[in-house]
Amino acid sequence: GRARFDDLLAVEVICGDGGKARLLLHTFGRSRRNPRVWAASKVEFWASNGDMARRWARRASHWIDAKVERPRRLWVFVNPHGGKGRARDIWADKVAPIFKVAGISCSVVHTHRANHAHDLVSRASPEDLAKHDGIVVVGGDGLFQEVMNAILTRDSSQGPQSDGCTVRSPRIRLGHIPAGSTDAVAWSLNGSRSPVSAALRVALGDRMAMDVMCIKPEKGVPRFSACLAGYGFMGDVMSTSEQMRFLGPMRYDLAGVLVFLKGCRYAVKVRYLPATARPPDSQYVCWESCNWCTDSGRRMKGLKAPPLTFATPTDDPPDSAKRPLADASDAGAGRETFPADVDMEAATDGDKIKTIEGQFVSVMATVTSCRNDKAPRGVTPYAHLGDGRMHLVVVRRCSRLQYLKFLLSMAKRGVVQGKFPFVETVDAQGACFEPQGGCSSWNIDGEVVPSQRLTMEVRQRALDVFARGCAMSPRAH
């Protein structure tokens with residue numbers, strides 16, 4: 001067998017009869033059918049004697065120990081009720097064994113109420129956080145959002161920022177082991193819902209920084225979002241499904257049918273600040289370690305970056321896009337603040353603010369591709385993880401048949417610009433949404449928020465995560 005040093009988790013020597021010894025390398029392999037799915041594997045080598053095997057083992061161990069980005073201590077939160085109770089078993093049977101092999105010690109907390117993890121992280125002292133090399137959540141998107149918001153609203157000492165939405169660089173990474181109903185975050189980061197794949201990325205010390213949306217409600221406390229905020233159809237589906245939680249994941253399908261049959265429309269005014277122009281050939285998916293995301297860290301630090309290249313959804317990425325992973329410094333581990341943050345509340349017409357208003361079936365804002373079971377390619381398939389922009393999707397008043405065609409197309413290909421005349425897509429740095437009456441709700445990463453005015457702003461590369469980007473198979477597109 002063969003194994004790359006960069007892919008090694010651990011190495012051990014097993015002595016056999018006759019003076020021979022076996023060198024066992026713990027590594028991983030990619031599925032041939034779906035390269036986005038990884039599986040732990042072992043490679044064996046036989047040595048003529050134990051001394052030779054131990055020399056090989058020492059060399060491999062030195063290489064592993066030199067990988068300073070690999071975690072040694074993790075703070076793990078497990079939602080025992082996530083995914084119909086699967087989270088506990090996923091942790092014990094699939095994730096914990098990988099961390100044990102990799103020599104990672106874990107402080108495990110099984111959450112027993114909403115915001116349990118949020119409260120522990122937000123109240124932890126800097127000294128307590130410094131004892132860990134990262135935080136890992138085993139559960140659904142809700143648990144990830146809890147811990148993410150706790151991390152991003154801390155200041156350099158303890159407690160939330162005064163304005164609730166000022167981001168200071170968190171040096172601690174956050175990982176998501178999918179064990180929920182949708183797991184859009186893990187899917188968007190890693191390209192699959194495989195818990196083993198996510199655990200291996202954590203154990204290998206993968207690092208990148210992703211964009212988040214800062215959402216400022218008219219009433220309430222500001223919060224951060226890593227996926228989607230939707231009003232109209234998306235909000236109605238979520239609020240309706242909350243009344244059917246006893247049905248499990250199938251409640252989303254039933255709620256979707258009921259809301260679709262109602263065919264409601266809502267008046268909304270959207271003011272947004274357009275993002276900087278992209279090249280004409282911008283319709284490309286975010287590839288593993290693509291230059292668009294990894295080089296933004298270099299540009300922020302004033303380092304010279306190679307020309308941007310993109311991977312097409314139908315062909316292999318060019319060789320220039322297949323670069324080694326950025327190291328910890330490239331990921332912005334030493335950042336103190338994040339540049340180019342937009343303040344929509346202070347923006348004026350002179351800032352090129354644009355307006356869209358009318359009767360809409362649905363209004364959405366995404367900051368990642370938002371891949372999920374219903375849309376495997378993502379709601380916005382060409383969204384990148386670290387490009388500093390949000391993606392607005394507004395669906396104007398249309399017939400039920402037209403909207404059904406849009407939903408089917410979104411499930412198969414994601415939202416494609418120009419495919420439907422009643423659908424408008426815009427890249428923005430920030431936006432303000434003002435419902436003009438009506439009784440819909442907001443769906444913010446799966447949480448229902450009452451109808452109200454919301455301001456959303458991009459915080460570029462604000463969250464460090466255990467990931468290397470969504471490794472896409474050319475055949476998937």
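Predicted model: local features only at pLDDT ≥ 70, side-chain atom pairs only at ≥ 80, totals over all residues.

Me: Why is arginine 154 called buried?

Reply: Buried means under 20% relative accessible area, exposed means over 50%, and partly exposed is in between (1.4 Å probe, protein chains only). Arginine 154 has 8% relative accessibility, so it counts as buried. You'll find arginine 154 in the loop between α5 (141-152) and β7 (173-178). Over the whole protein, 57% of the 477 residues are buried.

Me: What makes the approach of arginine 154 to serine 122 a polar contact?

Reply: A polar contact needs a pair of N or O atoms within 3.5 Å; within protein, one must be able to donate a hydrogen and the other to accept it, and sequence neighbours count only if both atoms are side-chain atoms. The side chain of arginine 154 reaches the backbone oxygen of serine 122 at 3.1 Å. A polar atom of that side chain also lies 2.7 Å from the backbone oxygen of alanine 124.

Me: Why is helix α8 described as largely enclosed?

Reply: Eight of the nine residues of α8 (residues 233-241) are buried, so the rest of the structure largely encloses this helix. Among them are Phe233, Met234 and Val237.

Me: What makes phenylalanine 406 and phenylalanine 420 an edge-to-face pair?

Reply: Rings of Phe, Tyr and Trp (its six-membered ring) pair if their centres lie within 6.5 Å; planes under 30 degrees apart are stacked, over 60 edge-to-face, and the rest tilted. Here the centres are 6.0 Å apart and the planes sit at 80°, hence edge-to-face. Phenylalanine 406 is in helix α11 and phenylalanine 420 in the loop between α11 and β14 (423-435), so the pair ties together parts 14 residues apart in sequence. With 3% relative accessibility, phenylalanine 406 counts as buried; phenylalanine 420, at 15%, does too.

Me: Why are phenylalanine 433 and tryptophan 442 called edge-to-face?

Reply: Their ring centres are 5.5 Å apart with planes at 80°, so this pair is edge-to-face. Phenylalanine 433 and tryptophan 442 are both buried.

Me: Which residues form the aromatic cluster?

Reply: Phe233, Tyr403, Phe406, Phe420 and Phe422 form one aromatic cluster.

Me: Asparagine 115 and aspartate 445: buried or partly exposed?

Reply: Asparagine 115 has a relative accessible area of 39%, so it is partly exposed. Aspartate 445, at 13% relative accessibility, counts as buried. Asparagine 115 sits in the loop between β5 (105-110) and α3 (116-123), and its phi is near 65°, positive in a residue other than glycine. Aspartate 445 lies in the loop between β15 (441-444) and β16 (447-450), with a positive phi of about 50° although it is not a glycine.

Conventions:
Residues numbered from 1 in each chain as written. Heavy atoms only, no water. Helix = DSSP H or I, 4+ residues; strand = E, 2+ residues; numbered from the N terminus.
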